[in-house]
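Hi everyone, thanks for coming. Please bring the structure up on your screens, and I'll walk you through it.

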Amino acid sequence: MNSSSELSFPAPAHWIDGRAVPFDGPVIDVVNPATGAVIATVPDGTSDDVDQAVSAATAAFPAWAATEPAERAAVIRRIAAGLHERGGEIAVAMTAEMGAPRSLTGTAAVGLPPMTIESLASVAEEFPWSEEIANSLIVREPIGVVGAIVPWNFPIQQIVTKVIPALLAGNSVVLKPAEVAPLAGRIFAEVTADAGLPAGVFNVVHGTGQVVGEALAAHPGVDMVSFTGSTRAGKRVSAVASETVKRVALELGGKSANIILPDADLKAAVTVGLASAWTNNGQICGAYTRMLIPAGLHDQAVDLLREAAAEYTVGDPTDESVLLGPLASEAQRERVTGYIERGIADGATLIVGGPGRPEGLPTGAYVRPTIFANVDPNSAIAQEEIFGPVLAVIPYTDDDHAVDIANSTIYGLNGAVFGEPEHALAIAQRMRTGQVDINGAQFNPFAPFGGYKQSGNGREYGRQGLEEFLETKAIQR
Ligand code: NAD
């Protein structure tokens, strides 16, 4: 692989026991959603491949688990440096495999992953690996072999947030990348080897969720499965994993509300809210996809939204000036288009976008970024995760009404409040979600990230993100 815009991806292979293992069975095409071109292929792996990777991870576990945490953190910091070095290449791969525009990959593929790794390494270096409680010594130990299953929306970052804390905790890992965007998995594997991670501690098996994902979740040699993806697939992972009573951590879907209070800076709230709903084409689990606005400010907010929306350009994701590329796949395009049609059929007011393709883009997985106003909070586009650039503006009467609407979906991942800080904090405390951002506050990699309700049961990032991958033993003496 190289770091220029010229793409050349390696032949299909898993990564097992510290090396690429060539695969000559059936393959999965990796399709550039902007052009429809097949840019690479990866193995359509089997449960036998999972067995091999789990054996390698099982063999490597005891020695890795026995290393000092500081030694593990040193290897992990070298992985951060390696990813930083290959950031350009990772960014090119992300654009090619899932359509994220260059304007986003600088942060999503190049900046954020090493920064997240550094934050997790420092957490591990300062972590109390044991403590005394009366006559007990409480020790924190790795769980064993971790199966990590990730989605395609931020290919490298999703790997980092699971695999890095799992390794820092002393576990060995078998990763299944998303079949839509599997290329980051290979680059990450090469970086781990270059960083001196012992062979077998990190392995990659490519394939579908139904075959490789479920084989990992079911495997008796896998002690924990950490899953990020849709609530639908998360339920299946949980069910399959239950037979072996392994630890299951789920990071699932969202339908996050952005509550704009009457005392908010309306323009800022609307602008930041739209950016959250549309960035990465709405393919962000924590996107603020519902904008809750006081009924008396609804029309003013709609005018501001129209103005803000005009700034968004859709097109070839390799063009530096473009803000939105195609969706990740043709299947995503069909799904999102279906929701846009559903919104119209259910009587919401279409104010920007709509079904069909953006002007001048007759091919590729493009949709028109869309805003609906006067949305019924119980309608499908206000209740279901669309995972596309579709914002639902919902009017409310008072604080209680806003909180009721915000908490009315099966999800509880993320939320936002804009308003006078004390008022906003009081509202944030009533939201049944794993995180809430007040007045566009910035992302904090040391804060835990995860969901309430059907958005999942795990936490990633920071200290809680490390503890997720640890057992607890009490020794009395
Ligand atoms: P998806 O559920 O279709 O797939 C995610 C991963 O799970 C893929 O690797 C897939 O192959 C695998 N998978 C699918 N079915 C499986 C099964 N039966 N058993 C085991 N593995 C299976 O999701 P997606 O379309 O890749 O990603 C979008 C979804 O991910 C959205 O719902 C989004 O909200 C969610 N997501 C959540 C977070 C979070 O942190 N909470 C972050 C990003 C994305």
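This is a predicted model: local features need pLDDT of at least 70, side-chain atom pairs count only at pLDDT 80 or more; totals for chains, interfaces and linings use all residues.

Residues are numbered from 1 along each chain as its sequence is written, and side-chain values use heavy atoms, leaving out hydrogens and water.

So, the overall picture. The protein chain has 15 helices and 21 strands; these are DSSP runs, H or I of at least four residues for helices and E of at least two for strands, numbered from the N terminus. Of its 477 residues, 58% count as buried, meaning under 20% relative accessible area, with exposed over 50% and partly exposed in between, using a 1.4 Å probe and protein chains only. The C-alpha atoms fill a box of roughly 65 × 60 × 40 Å along the principal axes.

Now look at helices α7 and α8. Helix α8, residues 231-241, has buried residues including V237 and V240. Their cover includes α7, β10, β11 and β17. In α7, V212 and L216 are among the buried residues, and the buried set there packs against α1, β7, β8, β10 and α8.

What else joins these two helices? R236 and E214 meet in a salt bridge at 3.0 Å, N to O. R236 sits in α8 and E214 in α7, so this pair ties together parts 22 residues apart in sequence. A salt bridge here is a side-chain nitrogen of Lys or Arg within 4 Å of a carboxyl oxygen of Asp or Glu. By that rule, the count comes to 18.

Another one is E118 with R77, at 2.2 Å, N to O. That pair links distant parts of the chain, with E118 in helix α4 and R77 in helix α2, 41 residues apart. R306 and D303, by contrast, both lie in helix α10, three residues apart, about one turn of the helix. There is also a network of salt bridges linking R86, E89, R186 and E190.

Let me finish with R72, in helix α2. Is R72 buried or exposed? R72 is buried, yet has no salt bridge: E68, the nearest side chain of opposite charge, is 7.4 Å away. Leaving aside residues up to four places away in sequence, R72 touches W64, W129 and L167, among others; contact means heavy atoms within 4.5 Å.

Methods:
Lys and Arg count as positive and Asp and Glu as negative; His and the chain ends are not counted.
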